[in-house]
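Look at the sequence and the structure below. The paragraphs that follow go through a few of the features.

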Amino acid sequence: MAESIAPQMEELCRGEVHAVRVSHSAFHAMSGHAHAVESEEIVGVLLGEHVGLPGGGVVCIVHAVRPMKRADRRKDRVEVSPEDLSSCVVHAEELQAKTGHATQIVGWYHSHPHITIHPSHVDLNTQSQFEATNKNAVGLIVSCFDARGSVELGAFQTQNVSSEPITNLGALSERDMTVLESKDHAAFEWNMNAAFKVSNFPSHVSHEGKGNDGHLGRKWHPVFLFDGNPCFEVYCKRALIDVPLLLLEEEQELFEKAMAACEKEEALRRLHHQNVFIKSLCLLSSSVPIDMRDMMKDTIERVKSKVESGMAELAMTSSQ
Ligand SMILES: [Zn+2]
């Protein structure tokens, strides 16, 4: 199957991305992932395909997503390790074999809790790395936890600020629009009932967003939601189920790293790390569905007993 798709993809990759279509299931998985963490950004990979439009451009279709473990969790950035990224290539190949649909990594997504969807300099640099592998890769940003409780979704690519600004929304022909809007529920307008907004800025290049090298600008693409192929639904649900376990794994790794850096006699420091870990687990368990909490119960119990023995150790040290 991969062989029959390859020449087609090569042909299509000659055009530029003019629009992005996201299946409802993929959007729900992304949004669920974004809402699992309020204090930091989360990250994942987009799985789908690129298809030609009648007007000559390319549409990036997102069938499914894969939440990723964060290699960097600083407040304003997210990073994925190269090892995890290459495991995603294998996952895309498996999905292609199981569904019979062309599936590859078509970009990445991340969340902007409490801030707008505008990409930062760091985001533009990350996006340029994806584009170096596949020039039609796109970046999606989910803005969440805003005061109105709404969710906003935007799609962007980088653009050399020295080149002529392009207007992709205007570049779409009437026939393109018919294809893109077929069976779609989402529109360009704010939908109060769903408290969801697809941000379709007129595509433009912004100098504010330029990178450190002074050459990177951002280019917005119109986003369309669609029903999606049912064969990908189960993988989107699986992705959402994996989120709490992924977050738990991250917390455990951080905790173990912090504990390994402590000297044996630093009882107070170890106790501090244990308390921080418990607090993170409590926060995590309050943001995931109830049946997921059972999976975390063992870990919480294990850490609790560690804290108790740490307290006893500390009491003994201070009485000496
Ligand atoms: Zn960002």
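Is C231 buried, partly exposed or exposed? C231 has a relative accessible area of 27% and is therefore partly exposed; buried means under 20% relative accessible area, exposed over 50%, and partly exposed in between, with a 1.4 Å probe and protein chains only. C262, at 12% relative accessibility, is buried.

This is a predicted model, in which local features need pLDDT of at least 70 and side-chain atom pairs count only at pLDDT 80 or more, while totals for chains, interfaces and linings use all residues. Residues are numbered from 1 along each chain as its sequence is written, and side-chain values use heavy atoms, with hydrogens and water left out.

A disulfide is a covalent bond between the sulfur atoms of two cysteines. Here a disulfide is taken as a pair of cysteine sulfur atoms within 2.5 Å, and the count by this rule is zero. For C231, the nearest cysteine sulfur belongs to C236 and is 9.9 Å away.

Next comes the metal site. The zinc ion is coordinated at 2.0 to 2.6 Å by H110 (NE2), H112 (NE2), D123 (OD) and D123 (OD). Donors are N, O and S atoms within 2.8 Å of the metal (3.2 Å for Na, K and Ca); water is not among the atoms, so sites may look incomplete. Along the chain, the donors of the zinc ion have the spacing H-x1-H-x10-D. H112 is in strand β4 (residues 104–113) and D123 in helix α4 (residues 121–133), so this pair ties together parts that are 11 residues apart in sequence. Helices (H or I, at least four residues) and strands (E, at least two) are DSSP runs, numbered from the N terminus. H112 is buried, at 2% relative accessibility, and D123 is buried with a relative accessible area of 2%.
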